[in-house]
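Subject: Structure handover

Dear colleague,

Here is the structure I said I would pass on. Please open it alongside the notes below.

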Amino acid sequence: MSDQLDQPDDVNLADLPTPAGTHDLLAKFKPLIREREALLATGVRDPFAIVMDEVKSPTLAVIQGRETILLGTYNYMGMTFDPDVVAAGKKALDEYGSGTTGSRVLNGTYGGHRDCEDALKEFYGTKHAIVFSTGYQANLGVISTLAGKGDYIILDADSHASIYDGCWLGNAEIVRFRHNSVEDLDKRLGRLPKDAGKLVVLEGVYSMFGDVAPLPEMVRVAKKHGATILCDEAHGMGFFGANGRGVYEEMGVEGDIDFVVGTFSKSVGTVGGFCVSNHPDFEVMRLVCRPYVFTASLPPSVVATAAASIRKLMNAGDKRAHLWKNSRRLHGGLRELGFHIATETAQSAIIAVMMPDQETTVALWQALLEGGLYVNMARPPATPAGTFLLRCSLCAEHSDAQVDQILAIFAAAGRAVGCIA
């Protein structure tokens, strides 16, 4: 008796008729598919399908044969090509191979993983640190583990997708407050049961508009209601605060934040995520946090580059100062040209150029690319409904001359598209 299927080898399953009553699970995305097809039919390039043919430095790449200034990479501190960071990765690759093929709780913890966590503890001045395989998993794991059924998570309406997904995975009650509204946070916390577990999730820098949270006021309100506080410093690590720890350090609330989550994919210049804390029972997270337990650990070369980068960021005052100078110059220059910027002043390394609609946004994005400048296009659902923008992410390695070039390219592209006079 054969265990093979009784089916000719030349039959293509895709050609078989769909059984009656079968529901197409991708049908719900048809409107998005039609929208994208209509947009591309106008002759514009796909903003979400860019290929970097060659990356020459933290600020330069080759895209379709053209040297292009990178202004949309989140490489805030320019660590991706740092010689010491690259050397650490190469050494670990030679000594430990390309991967661990195991979870951190099984065979996936090497000396490099512990060293990376030690570097985080040194950088943040905390007693505990845990490294995840991505920044997304850090939020997914920490939030879902801290707050479960019967608990409440109170979060900013503009929170990152990974924060929302962490809420849903943990099955806690989700309460949203208006973006950066201390008054609304206070009101919504006041409506919750006094004896319930409450986790307030904040972000130092919000990634779409580049605005910062009023952390001192929010921390005061959260503590008044007996809430635990988690702060995501993905976009603040490296260049906010005297030690580069983030907005919470800059604003003087280090002693009041219970958990800090971050990523290696921004200022650290590699991939991975983490959480640091002084909570005395923090280490239990290694046994109960599903996105930590049930995934393979980072390759040794990655944690080696992360540890080297983090330690160099401890003494990166000059780079921080130059990045802030770049941010203020670009923000002021774009406003002077007539562009609408999301914030009145430069609040971070993210400069968001607000646009009226998708068509104009894509047209300006393409004109910039053809002029030799890459920026990020952002649209719903990554942004609030009806909001379109071009997001610029500055780097500490952008030279003064490059900032001049960036402004010149924006000026030419903006006038060509009709965004500015």
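Predicted model: local features only at pLDDT ≥ 70, side-chain atom pairs only at ≥ 80, totals over all residues.

Glu 54 is placed opposite Val 62 of β2. Two residues lie between β1 and β2, and the two strands form a hairpin.

Leu 70 has Tyr 374 of β12 as its bridge partner.

As background, pairing between strands of a sheet goes through backbone hydrogen bonds and may be parallel or antiparallel.

Helices α3 and α11

Helix α3 (residues 111–124) and helix α11 (residues 300–313) have axes that come within 9 Å and cross at roughly 20°. Angles under 35 degrees count as roughly parallel, and α3 and α11 are therefore roughly parallel to each other. The crossing of α3 past α11 is left-handed.

On the α3 side, the contact consists of Gly 112, His 113, Asp 115, Cys 116, Asp 118, Ala 119, Leu 120, Glu 122 and Phe 123. On the α11 side, Val 303, Ala 306, Ala 307, Ile 310, Arg 311 and Leu 313 meet them. By class, the residues of this contact between α3 and α11 are nine nonpolar, two polar and four charged.

Helices α4 and α5

For helix α4 (residues 135–146) and helix α5 (residues 161–170), the axes come within 7 Å and cross at roughly 35°. Here α4 passes α5 in a right-handed crossing.

From α4, the contact draws on Tyr 136, Asn 139, Leu 140, Ile 143 and Ser 144. From α5, the residues are Ser 162, Ile 163, Asp 165, Gly 166, Cys 167, Leu 169 and Gly 170. The contact of α4 with α5 divides into six nonpolar, five polar and one charged residues.

To recap the handedness, the crossing is left-handed for α3 and α11 and right-handed for α4 and α5.

Regards

Notes:
Residues numbered from 1 in each chain as written. Heavy atoms only, no water. Pairing = 2+ DSSP bridges. Helix = DSSP H or I, 4+ residues; strand = E, 2+ residues; numbered from the N terminus. Axes fitted to C-alpha atoms, helices over the stretch in contact; angles between N-to-C directions. Left-handed = near helix turned anticlockwise from the far one by under 90°. Contact = heavy atoms within 4.5 Å. Nonpolar A, V, L, I, M, F, W, Y, C, P; charged D, E, K, R; others polar. Parallel < 35°, antiparallel > 145°, perpendicular 65-115°, else oblique.
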